[in-house]
Amino acid sequence: MDKQRKFANVSSAMPGPKTRELLDRRRQYVAQGVGNNHPLFVEKAEGALVTDVDGNVFLDFAGAIGTLNAGHCPPEVVEAVKKQLDRYIHPCFHVGMYEPYVALAEKLAQITPGSFPKKAMFMNSGAEAVENAVKIARKYTGRTGIVSFARGFHGRTLLGMSLTSKVKPYKFQMGPFAPATYKAPYPYPYQRPSAMSEEQYAEFCVGQFRDFLLTEAAPEEIAAVIMEPVQGEGGFIVPPKSFVQGVWRICRENGILFIADEVQTGFGRTGAMFASTLFDIEPDLITLSKSLAAGLPISAVVGRADIMDAPNPGEIGGTYGGSPLGCAAALAVIGKMEREDWPGRAQRIGKTIRGYFAELAKRYPAIGEVRGLGAMCAIELTDPLTGEPGKELAAQVVRSSYAKGVVLLSAGVHSHVIRFLTPLVITEEQLREGLDIIGEAIAEHQEEAVRG
């Protein structure tokens, strides 16, 4: 067994026999394009702990890519879903309406940012929410153009890929892509020119966006701008507040709708219920999914009532959109979040993570930057010899952390960023143990890189 720890408990012989057997079956029957970060088959999971089919126990610092703010199998959500199962599973809202759909729409209209009447509609995934937000924006404005941003991620559907930046693995040889989509520059504060102050850099980035609307896409043709308040797959990049506000104001000046893609940032992750409020903006439309329902597939578009009502009956929706099970789970999640102050938890978790790696960075220069909002944190790694993006170092840290009992993910265009998406129910002891494991992996592999 590996070094004795209180929570993580893994065998040095991973993958175990049951995992190897399942891997063989997976290779035979599951398409190879369905990626996997680790050779991990889950047997059970609770809170921030995952147990695999061979009995190995892991600390979960990935949270199903930000889906499990509530943790694995929160009892309140499990109970709500069981009760719903006893009533009905899926009459389809288009055929036989049901109260949980209306209750969830009402609740989201109440808690999402915006001092105006709001309405909601539901689908199954974040990509579907993006697709429908774009449809609604085009219908309302009568325009076709959609602007996203460099390094943004908005899904794997045709339109989602078209709005997404990273070519491999998401877009390579998958074109042609949807027309009338444009990508504007997005700030990268870590790469800010040294001659510029933070304020000057933000002004420069807003100026770039204004120029973009002169050189790439006329504002009169743009239906909406879609932005992640904090970029997720792009590397957990936090833009200057004045940049987000500047883009939002330009949209308002030109009749362009502002869509906040809060699929990953929503539901307490950034230290606020929704990240948009941290930037003091009121999006016209918000896309939500991931931690909305503790892992059950449901997504939402919430926005200004007049905009949401632009499509005619039948023009938005879908057979499984807003399933009763997903709605019941989401209502239980929101209730739990409000009772337990998830935003406050996220702030404390983020403070611990950033503080830990800020200290570690003093000893290990491979940690180029420690950043984040709330518990949506990341460290950017660089090659200690060349200063180039530390893609291989990040991969080694992810692999070594897994081997010692921490499930971890990378991010960024160069896959050189380590991102942290722990369930917000993680205990302080669990968090500290996981950070120590990751810190040991960074120390080990930076020293190897320096020695060559």
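1. Strands S14 and S15 (residues 417-420) run antiparallel and are joined by three bridges. Two strands count as paired if DSSP finds at least two bridges between them; helices (H or I, at least four residues) and strands (E, at least two) are DSSP runs, numbered from the N terminus. Within this pair, serine 410 has isoleucine 418 of S15 as its bridge partner. Helix H11 (residues 342-361) packs on the sheet and touches S11, strand S12 (376-381) and S15, where contact means heavy atoms within 4.5 Å. The direction of H11 makes about 170° with that of S11; axes are lines fitted to C-alpha atoms, for helices over the stretch in contact, and angles run from 0 to 180 degrees between N-to-C directions.

2. The model is predicted: local features need pLDDT of at least 70, side-chain atom pairs count only at pLDDT 80 or more, and totals for chains, interfaces and linings use all residues. Residues are numbered from 1 along each chain as its sequence is written, and side-chain values use heavy atoms, with hydrogens and water left out.

3. The sheet to which S14 and S15 belong is open and has four strands, in the order S11-S12-S15-S14, with antiparallel pairing. Its edge strands, each pairing on one side only, are S11 (367-373) and S14 (409-411). On average, neighbouring strands of this sheet are turned by 30° against each other, direction ignored.

4. Strand S3 (residues 57-60) is covered on both faces: Val57 and Leu59 on one side, and Phe58 and Asp60 on the other, are all buried. Buried means under 20% relative accessible area, exposed over 50%, and partly exposed in between (1.4 Å probe, protein chains only). Strand S2 (residues 49-52) runs antiparallel to S3, with three bridges joining them; threonine 51 has valine 57 as its bridge partner in S3. The hairpin of S2 and S3 has four residues between the strands, and glycine 55 there takes a positive phi near 90°. S3 also pairs in the parallel sense with strand S13 (residues 406-407), over two bridges, and leucine 59 has valine 406 of S13 as its bridge partner.

5. Strand S8 (257-261) has five of its five residues buried, so it is largely enclosed by the rest of the structure. Leu257, Ile259 and Asp261 point one way from S8, while Phe258 and Ala260 point the other way. Strand S7 (residues 222-227) pairs with S8 in the parallel sense over four bridges, and methionine 227 stands opposite alanine 260. Together with helix H8 (residues 241-253), S7 and S8 make a right-handed β-α-β unit; a crossover is right-handed if, with the strands pointing away from the viewer, the path from the first strand over the helix to the second runs clockwise. S8 pairs with S9 in the parallel sense as well, over three bridges, and alanine 260 has isoleucine 286 of S9 as its bridge partner.

6. Glutamine 264 lies in the loop between S8 and strand S9 (285-288). This residue counts as buried because its relative accessibility is 11%. Not counting residues up to four places away in sequence, glutamine 264 touches residues including Ile65, Phe236, Lys290, Met376 and Leu421. The C-alpha atoms of glutamine 264 and leucine 421 are separated by 9.6 Å, although the two are 157 residues apart along the chain.

7. Zero disulfides are present, a disulfide being a pair of cysteine sulfur atoms within 2.5 Å. Cysteine 251 is buried, at 1% relative accessibility.
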